[in-house]
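Take a walk through this structure, one region at a time. Start inside one chain, then move to the place where two chains meet.

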Amino acid sequence: MGSRQITEKALTMLRSLPRVSLGNIRDNPGYKKNPKRGRGQHGGDKHGAGNKGSGQRQNYMRLGYETGNNPFYLRMPHEHYYKGHHLRRQYPPFSLHELQLIIDKDRLDISKPIDIASIVKSGMYNFTPDEKHFGINLTDVGADCFAAKINIEVQWASEQVIAAIEKMGGVITTAYYDPHSLYLLRDPKKFFESGQSIPRRMIPPPDAIEYYTSAKSRGYLADPEEISKDRLRLAQKYGYELHVLEDDPNYEMLCERKDPRQIFYGLEPGWVINLKDQCILKPKDSELQRFFAS
Amino acid sequence: MTSILIKALKSIYISVPSQNAKFATSAICSNTLSITNKEWKYPPTFTKPREVWIENLDTIEEKKLGLFELHPTVYGATPRIDIIHRNVIWQRKYRWVSWAHTKTRAEVRGGGRKPWPQKGLGKARHGSIRSPLFRGGGVIHGPRAGNTHFFMLPFHLRLYGLTSTLSAKLAQDDLHVVKDLDIPSDNSEYLAELILSRNWGPSVLIVDDTDYAPRNITVATGNLPHVNLMPVYGLNVYSMLKHDTLILTQSAAEKIEDRILQLLHSDTRKQQAKFKLDQV
């Protein structure tokens with residue numbers, strides 16, 4: 001709000017001016033638009049709406065309507081690759097550049113595993129599960145300047161992104177969350193305050209099983225052996241030296257993964273988080289335990 | 001060459017607040033003066049902290065108990081008069097329900113009968129004696145009772161309203177920091193004399209960080225309608241402007257600073273979101 005000199009000058013001026021009080025304050029000139037419609041020479045005549053037609057009557061045509069012509073958007077044949085677009089899963093993009101930005105701004109703690117909840121909490125990413133958004137698509141924009149060693153879990157990632165993260169000695173997993181779990185991850189506090197027990201994460205739908213069980217996409221259901229083989233393959237393809245995870249001082253953190261049925265790090269399905277009393281209530285009934293066990 | 005220039009500029013800038021500090025050490029015997037170096041959670045950048053005296057309330061004549069630093073983002077912000085004004089308008093309006101009421105032609109008593117025949121009299125045609133054209137008739141577009149003027153000022157305008165007002169008050173020497181609210185007697189004359197002798201203007205707003213003020217000051221201010229006590233969470237632009245002088249206790253000043261700084265440096269998307277009636 002203003003440069004330093006202006007602020008200082010204004011405050012110094014105030015010293016020699018009458019006391020700021022209810023009687024001598026005013027708004028900036030021209031802040032408020034006059035709600036009245038001017039007459040005659042004060043903006044009268046057509047009142048700025050032009051002469052005749054829908055402009056004057058301000059009943060504008062709907063978007064795309066061409067007054068009886070075959071409209072542009074109907075003139076083309078169908079584009080079949082868009083068929084069912086409103087039913088498909090969408091992954092709003094989040095780039096490596098933005099990820100690096102929130103890390104540099106200290107809005108993300110990289111000493112812990114990163115998931116969609118921590119990225120949303122940083123304030124740089126948002127998504128709406130009810131618009132068929134199924135989480136983060138980590139894109140390769142800024143892959144060249146990405147320089148953080150992280151354990152990250154996203155919902156979609158390309159080969160370049162996987163390579164960029166593994167080049168820095170980090171770990172990436174792609175994991176599926178059903179919309180209900182995504183609601184919880186988007187605003188965990190709101191869910192905990194509702195007093196419900198944490199549900200189980202659902203398994204991916206049939207058309208997503210392949211992606212999330214594949215080692216190439218670092219799926220969370222893939223065989224760890226296959227993933228470690230593919231890490232080496234990718235390192236050779238992109239020409240970097242693969243960091244040995246076992247020798248890493250942060251080995252524990254880098255190896256932390258969620259259970260396929262787990263939604264929050266450190267919290268298991270079935271638990272109730274009591275924020276008021278700062279305690280966790282765990283199910284004791286054997287039937288409940290069997291239900292929530294994965 | 002440039003480094004010399006920069007040094008010169010810096011020395012010019014620093015010389016303004018440091019005069020105060022020199023005056024402090026020379027005028028007051030230093031053994032009783034408390035000067036605290038603050039641990040800033042959000043250190044002031046490019047600007048020096050504002051320095052204020054910590055004063056006392058337990059004697060009529062002013063004693064300076066120490067020096068205290070205030071954060072320039074809160075107490076030395078640009079005094080935006082327009083934002084202060086919008087805050088005042090908001091505070092006046094959000095609780096205002098206007099009960100002004102006029103009757104329409106349907107509500108005014110009578111007027112059901114056609115006053116005279118449509119044709120044949122040479123008079124203008126009328127269907128009701130309560131038509132808006134008639135004396136004693138209904139009112140068109142008049143005020144209707146129960147009209148609320150509630151609206152919510154954007155979150156940061158509320159925040160900057162507070163910083164602007166606090167800064168203006170401090171710049172005009174209308175903000176004083178006292179150590180605590182302990183006064184020796186519960187006599188309101190004592191307080192009135194103290195305010196008169198210190199030239200604090202007739203009306204004074206005293207802000208403490210707790211809900212419970214000491215008994216003496218509560219009793220003493222009870223008889224003085226122009227001296228008011230307020231907890232720190234009640235601090236608002238309108239009250240600050242309504243009173244000539246604002247007295248903050250040291251803890252209240254710190255609490256205001258912490259709270260505003262914390263809000264200025266955190267994610268406030270929730271507070272910035274559109275106000276919903278069921279959110280409180």
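B:Ser98 is buried, at 14% relative accessibility. Here buried means under 20% relative accessible area, exposed over 50%, and partly exposed in between, with a 1.4 Å probe and protein chains only. B:Ser98 sits in strand S4 (residues 97–98) of chain B. Helices (H or I, at least four residues) and strands (E, at least two) are DSSP runs, numbered from the N terminus. Setting aside neighbours within four places in sequence, B:Ser98 is in contact with B:Arg144, B:Ala145, B:Gly146, B:Asn147 and B:His149. Contact means heavy atoms within 4.5 Å.

A word on the ground rules. This is a predicted model, in which local features need pLDDT of at least 70 and side-chain atom pairs count only at pLDDT 80 or more, while totals for chains, interfaces and linings use all residues. Residues are numbered from 1 along each chain as its sequence is written, chains are lettered from A and ligands numbered from 1 in the order in which they are written, and side-chain values use heavy atoms, with hydrogens and water left out.

Stay with B:Arg144. Its side chain meets that of B:Glu107 in a salt bridge, 2.8 Å from N to O. A salt bridge is a side-chain nitrogen of Lys or Arg within 4 Å of a carboxyl oxygen of Asp or Glu. The pair links distant parts of the chain, 37 residues apart. B:Arg144 and B:Glu107 each lie in the loop between S4 and strand S5 (147–148) of chain B. B:Arg144 is partly exposed at 35% relative accessibility, and B:Glu107 is partly exposed at 36%.

Now step back to chain B as a whole. It has 9 helices and 9 strands. Of its 280 residues, 39% count as buried. Among contacts in chain B with a separation of 6 or more, 74% join residues 24 or more positions apart.

B:Thr268 is in the loop between helix H8 (250–264) and helix H9 (269–272). It is buried, at 5% relative accessibility. Beyond its neighbours within four places in sequence, B:Thr268 is in contact with B:Phe155, B:His156 and B:Leu263. B:Phe46 lies in the loop between strand S1 (34–35) and strand S2 (50–55) of chain B. B:Phe46 is exposed, with a relative accessible area of 68%. Its phi is near 65°, a positive value in a residue other than glycine.

Chain A has a positive phi to show as well. A:Lys52 is not a glycine, yet its phi is about 60°. A:Lys52 is found in the loop between H1 and H2 of chain A, and it is exposed at 64% relative accessibility.

Next, the interface. Chain A gives 26 residues to the contact and chain B gives 32. The area buried between them is about 2,500 Å², of which carbon and sulfur atoms give 57%. Buried area is the accessible area (1.4 Å probe) that two parts lose on being put together, summed over both.

Which charged pairs cross the interface? The count between chain A and chain B is 5 salt bridges. In one, B:Lys270 meets A:Asp187 at 3.5 Å, N to O. In another, A:Arg15 meets B:Asp173 at 3.1 Å, N to O. A:Arg15 lies in helix H1 of chain A and B:Asp173 in the loop between helix H4 (155–171) and strand S6 (175–178) of chain B, so the pair joins two chains. A:Arg15 is exposed at 52%, whereas B:Asp173 is partly exposed at 43%.

A:Leu22 is partly exposed, at 21% relative accessibility.

Finish with the charges. The structure holds 27 salt bridges over all chains. Within chain A, A:Lys189 pairs with A:Glu193, the closest N and O atoms being 3.7 Å apart. These two are 4 residues apart in helix H8 (residues 188–193) of chain A, so about one helical turn separates them.
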